[in-house]
Amino acid sequence: MLAAGALAAAASISILAVIMRYVFGTILFWSEETIIYLVIFSTFVGAVITLRHDEHVRVDLIPLFLRERGQRAFALLGALLMAVYLAAIGGFGWLLLFQPAASNIVTPALKLPLWFVELALPIGFTLMFLRVLEVLYRLLRGQEPYPQARQSVLDAEASGLGMHIDSDDDDGRDEHGDEKRQ
């Protein structure tokens, strides 16, 4: 909801800025900066969602030549490397927030403290780090590392909120092919 809300807000502000400029001849001086920060925030929070559903871009040519055990070891190595990377960059992101410049410098148009804008990086990387720890745990236990990947993103996120989405392509059967009960 945060990622989608930030993108929706960025799109709305962008549309409003264009209308204000061309219809009313007024410029919203803060719109460009706001849109940039909202897109950055949406990117870092949205990266967690793509990791949850195993939708990050990757080259998986090597695992095609490996047996199941080799594929699992390769996935474990990839998750370990990702955890190290996320911990390092996320840690530096948290350290960046406590630099004197982060509290003394403000953004040009919105006059927000720099630490507020920089907060997207450590939050996003910390959430991704926690998700990678979950993937590592599942891999070490011999479980499916991305159980949500079998569902559509919309269905998985809705079920995470306790909602159910009826789709038009629903044939009245569950995931096992059995008829659903009403």
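Let me start with the model itself. It is predicted. The chain has 182 residues, and 24% of them count as buried. Seven helices make up its secondary structure, with zero strands. So, read along the sequence, the pattern is α-α-α-α-α-α-α.

Now contacts. Residues 24 or more positions apart account for 64% of them.

The accessible area of the chain is about 12800 Å². Carbon and sulfur atoms hold 65% of that.

Next, the aromatic rings. How many aromatic pairs does the structure hold? Three. Here is one of them. Phe 44 and Phe 125 sit 5.7 Å apart, centre to centre. Their planes are 55° apart, and the pair is tilted. This pair links distant parts of the chain. Phe 44 is in helix H2, residues 31-52. Phe 125 is in helix H6, residues 120-140.

Phe 125 has 10%, so Phe 125 counts as buried. The cut-off for buried is under 20%.

Another pair is Trp 115 with Phe 116. This one is edge-to-face, with 90° between the planes and 5.9 Å between the centres. Trp 115 is partly exposed at 36% relative accessible area. Phe 116 is partly exposed too, at 46%.

One last item: a cluster. Ring pairs join Phe 44, Tyr 85 and Phe 125 into it.

Technical notes
Residues are numbered from 1 along each chain as its sequence is written. This is a predicted model: local features need pLDDT of at least 70, side-chain atom pairs count only at pLDDT 80 or more; totals for chains, interfaces and linings use all residues. Side-chain values use heavy atoms; hydrogens and water are left out. Rings of Phe, Tyr and Trp (its six-membered ring) pair if their centres lie within 6.5 Å; planes under 30 degrees apart count as stacked, over 60 as edge-to-face and the rest as tilted. Helices (H or I, at least four residues) and strands (E, at least two) are DSSP runs, numbered from the N terminus. Buried means under 20% relative accessible area, exposed over 50%, partly exposed in between (1.4 Å probe, protein chains only). Contact means heavy atoms within 4.5 Å. Accessible areas come from the Shrake-Rupley method with a 1.4 Å probe; for residues, only the protein chains shown count as cover.
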